[in-house]
Amino acid sequence: MTGQHTSVEPRLGPPAAVRQLAVPVIVIGLLGAAGYLVFPEDLAFLTRLISITLLVLSLDLVVGYCGVATLGHAAIFGVAAYAVGNACIAGLADPLLLLAVGGLSGLVMGLVSGAIVTRFHGLPQLVLSIAIGQLVGALSNKLSSLTGGSDGLSGITPGRIFGVFGFDMFSRTGYLFSLAVLIVVFIVLTRLVASPFGLLCRGIRDNNLRARMIGAAVYPRLIAMYGVSGVVAGIGGALMAINTGVVGLDSVGFERSAEALVMLVLGGAGSLWGALFGAIVFQLFEHVVSAANPYHWLTLVGLLLVAIVLFAPQGLGPAVASRWRRLRRAGARP
Amino acid sequence: MAAAALEVDRLSSGYGPTRIISDLSFTVSAGGRLAILGRNGVGKTTLLATLMGLTSHQGGSIRAGGRELAGLKPSARAMAGIGYVPQTRDIFRSLTVEENLVTGLKGRDKAALEEVYGLFPRLAERRQNFGQQLSGGEQQMLSLARTLLGRPNILLLDEPLEGLAPVICDQIMATVSKLARSGEMTIILVEQQIERALDFAEQAIVIERGRAVWRGAPADLLAEHGLVDDLLGVGVR
């Protein structure tokens, strides 16, 4: 090819790259600060919320960005949490190293389950993901020496972060630690989904065959994305184990996988911001409503989901983004 | 990047057990321009799909630059230098123009995008638009540009002008001709606009029911009174 065209500025110049870093830091930082100041008594809940948010982000990588149907993602989250719990009980106390253990076990679980699940499409894929989740759940119950069985794995007491900041009973340290981890992970994922690898994954979701025709080896790419997703889910599981000190069977359960998928759909699959807001909105709503009405809160959660599906079928994220764009266009008109 | 010769020998292919292409042979020299013509449904698209590895290969060989392609997956053929622009365009609808192009870089630097923006300035103007927001002509340009970014040495074009306004057809054919003149790729064109195809190509094959029924220089096809009408069912001025 001989053509040259130099009059158009590249789209991703330094300001855009800086924006990519700054926006998550500012938005998540502000949300985190609001949570810390407005709900100082609920920091344990908010810390758990962050762990689950990481699971939803991880799910978004495979469901939203690759179009893989899965209902067994909590298996990765839970296995990582058990691995971290066991590592901690065995004497590895450094929270950063425990995070690494979580990420690594998530990576292994992600690669293994990804290699199985992404070989298929549609319903068989969904059923396989559920089967893997059930298998991991059953094993977790059986292997009580490693998981504590139905009593859960307890006695997880992580050390101080950088040898300075100890975990306190009010979850202040745990909350700020988790928030920092979420920001870092979110920035990394923002870069990843905008990279040629991330774009090609979205291309595979849009048109699998076309992606093959431009030279993409689809299967290895899906496994690789599953691996990355596993790392993120693993970090979420690690945070859960570190902050709560207990890992129960619910960590690997089908219910958690399904709930994460609901949060993703609520926020908008295929968008990191959608996954983030879906996880926050769902968990906050569930928390507030269950406290206000302990008998009928599940009905109210169900009604919320029905309303979202009816009025914003693409999820809250895309609906808000579209509304925002319309407002900006209206504002720009003379 | 250098163009590669394509040698197709006794090729048979189809969908499942159904045979569409039968015993077809032809050779295109490196940098050559071949037009594949025929009425609707005779197997032209299937032939290109077979070259790309998208159908069931039932016999014969396909050699690109001396390398046997039969048995390779589509992604391996693309990596071996085959570029395919399908009739359906198949852009990624949820990605922007620029993101679509990035997926075709095959590890090259992003600066390479300027090469295709030079060929298709319209894409540079629309770089922020999503694939689903593009017109048919822009989608065709995008599909072609994305394929070119992979630096193919053999380019397969399946009805690139279908459904496009004449002015867009002119633009696309001008670009394809420019690529052909560069000598960097061998181009095989399937096209229903016979005059444009014959004007572009240096050799042509007419297919009927998956078999080659005529081959030669475009001028010879046009010179024989009534032959185009007989073979293709269309009149040429």
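Helices here are DSSP runs of H or I with at least four residues, strands are DSSP runs of E with at least two, and both are numbered from the N terminus. What you have open is a predicted model, where local features need pLDDT of at least 70, side-chain atom pairs count only at pLDDT 80 or more, and totals for chains, interfaces and linings use all residues. Residues are numbered from 1 along each chain as its sequence is written, chains are lettered from A and ligands numbered from 1 in the order in which they are written, and side-chain values use heavy atoms, with hydrogens and water left out.

**Stop one: A:Val252**

Select A:Val252, in the loop between α10 (218-244) and α11 (254-267) of chain A. Is A:Val252 buried or exposed? Its relative accessibility is 2%, so A:Val252 counts as buried (buried is under 20% relative accessible area, exposed over 50%, partly exposed in between, with a 1.4 Å probe and protein chains only). Now show what surrounds it. Leaving aside residues up to four places away in sequence, A:Val252 touches several residues, among them A:Ala74, A:Val79, A:Tyr82, A:Gly133 and A:Ser140 (contact means heavy atoms within 4.5 Å).

**Stop two: where chain A meets chain B**

Next, pick A:Arg202 and B:Glu99. They form a salt bridge, with their closest N and O atoms 3.7 Å apart (a side-chain nitrogen of Lys or Arg within 4 Å of a carboxyl oxygen of Asp or Glu).

While you are in chain A, select A:Asp206 and A:Arg205, whose side chains meet in a salt bridge at 3.3 Å, N to O. A:Asp206 is partly exposed at 29% relative accessibility, and A:Arg205 is partly exposed too, at 28%.

**Stop three: a network in chain B**

Move to B:Glu98, which is buried at 4% relative accessibility. Which residues does it pair with? One partner is B:Lys110, with the closest N and O atoms 4.0 Å apart. B:Glu98 is in helix α3 (residues 97-103) of chain B, and B:Lys110 is 12 residues away in the loop between α3 and α4 (113-119). B:Lys110 is partly exposed, with a relative accessible area of 38%.

Another partner is B:Arg127, at 3.2 Å between the closest N and O atoms. B:Arg127 lies in the loop between α5 (121-125) and α6 (136-149) of chain B, so this pair ties together parts that are 29 residues apart in sequence. B:Arg127 and B:Glu98 are both buried. Select B:Glu114 too: salt bridges that share partners join B:Glu98, B:Lys110, B:Glu114 and B:Arg127 into one network.

**Last stop: B:Thr186**

Finish at B:Thr186, in strand β8 (residues 186-190) of chain B. B:Thr186 counts as buried, at 0% relative accessibility. Beyond residues up to four places away in sequence, B:Thr186 touches residues including B:Ala4, B:Val28, B:Asn153 and B:Leu155. Zoom in on B:Ala4: its backbone oxygen lies 2.5 Å from a polar atom of the B:Thr186 side chain.

Definitions and conventions. Polar contact = N/O pair within 3.5 Å; in protein donor to acceptor, adjacent residues only side chain to side chain.
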